[in-house]
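Subject: Structure handover

Hello,

Here is the structure I said I would pass on. My notes on what was found in it follow below.

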Amino acid sequence: MIKLIGEKVLLREARIREARIVNGNYFDSIKMGILRREWESHRSKSCNRKEYRGERKH
């Protein structure tokens, strides 16, 4: 998820240490967040394609 959206857009808001156990190994969980106004600003700057805005080509 971090690679898809990028750390420039989302802010790391929390780290839950040793939140998961897989095969006896502990893993942290990272909680990321973004405000609606930040997302809309990023969205309008990063992509101005009609498909991205939900409009379809005919």
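Helices and strands here are DSSP runs numbered from the N terminus, where a helix takes at least four residues and a strand at least two. On that basis the chain has 2 helices and 2 strands. Please keep in mind throughout that this is a predicted model.

Overall picture

The order of elements along the sequence is α-β-β-α. The chain has 58 residues, and 10% of them count as buried. Its accessible surface is about 5700 Å², with 48% of that belonging to carbon and sulfur atoms. Of the contacts between residues at least 6 apart in sequence, 15% join residues at least 24 apart.

The two strands

How do E1 and E2 pair? The sense is antiparallel, and the pairing runs over 8 bridges. One of the residues involved is Arg20, whose bridge partner in E2 is Phe27. Strand E1 covers residues 11-22, and strand E2 covers 25-33. Together E1 and E2 make a hairpin, with 2 residues between them.

Asn23 sits in the loop that joins E1 to E2. Its phi is positive, near 50°, although Asn23 is a residue other than glycine. Asn23 is also exposed, at a relative accessible area of 77%.

A positive phi is also found within a strand. Glu18, not a glycine either, has a phi of about 50°, and Glu18 belongs to E1. With a relative accessible area of 53%, Glu18 counts as exposed, because the cut-off for that class is over 50%.

Ser29 and Ala19

Leaving out neighbours within four places in sequence, Ser29 is in contact with Ala14, Arg15, Ile16 and Ala19.

Ala19 belongs to strand E1 and counts as partly exposed, at 33% relative accessibility. Which residues does Ala19 touch, not counting those up to four places away in sequence? They are Phe27, Asp28 and Ser29. As for Ile30, its C-alpha atom is separated from that of Ala19 by 9.3 Å, and the two residues are 11 apart along the chain.

The salt bridge

How many salt bridges does a search of the whole structure find? The search finds 1. In this salt bridge the side chains of Arg15 and Asp28 meet, at 3.0 Å from N to O. The pair links distant parts of the chain, with Arg15 in strand E1 and Asp28 in strand E2, 13 residues apart.

Arg15 is partly exposed, with a relative accessible area of 42%. Asp28 is partly exposed as well, at 37% relative accessibility.

Where to look

One is the turn of the hairpin, where Asn23 has its positive phi of about 50°. The other is the salt bridge between Arg15 and Asp28.

Regards

Definitions and conventions: Residues are numbered from 1 along each chain as its sequence is written. This is a predicted model: local features need pLDDT of at least 70, side-chain atom pairs count only at pLDDT 80 or more; totals for chains, interfaces and linings use all residues. Side-chain values use heavy atoms; hydrogens and water are left out. Buried means under 20% relative accessible area, exposed over 50%, partly exposed in between (1.4 Å probe, protein chains only). Contact means heavy atoms within 4.5 Å. Accessible areas come from the Shrake-Rupley method with a 1.4 Å probe; for residues, only the protein chains shown count as cover. Two strands pair if DSSP finds at least two bridges between them. A salt bridge is a side-chain nitrogen of Lys or Arg within 4 Å of a carboxyl oxygen of Asp or Glu.
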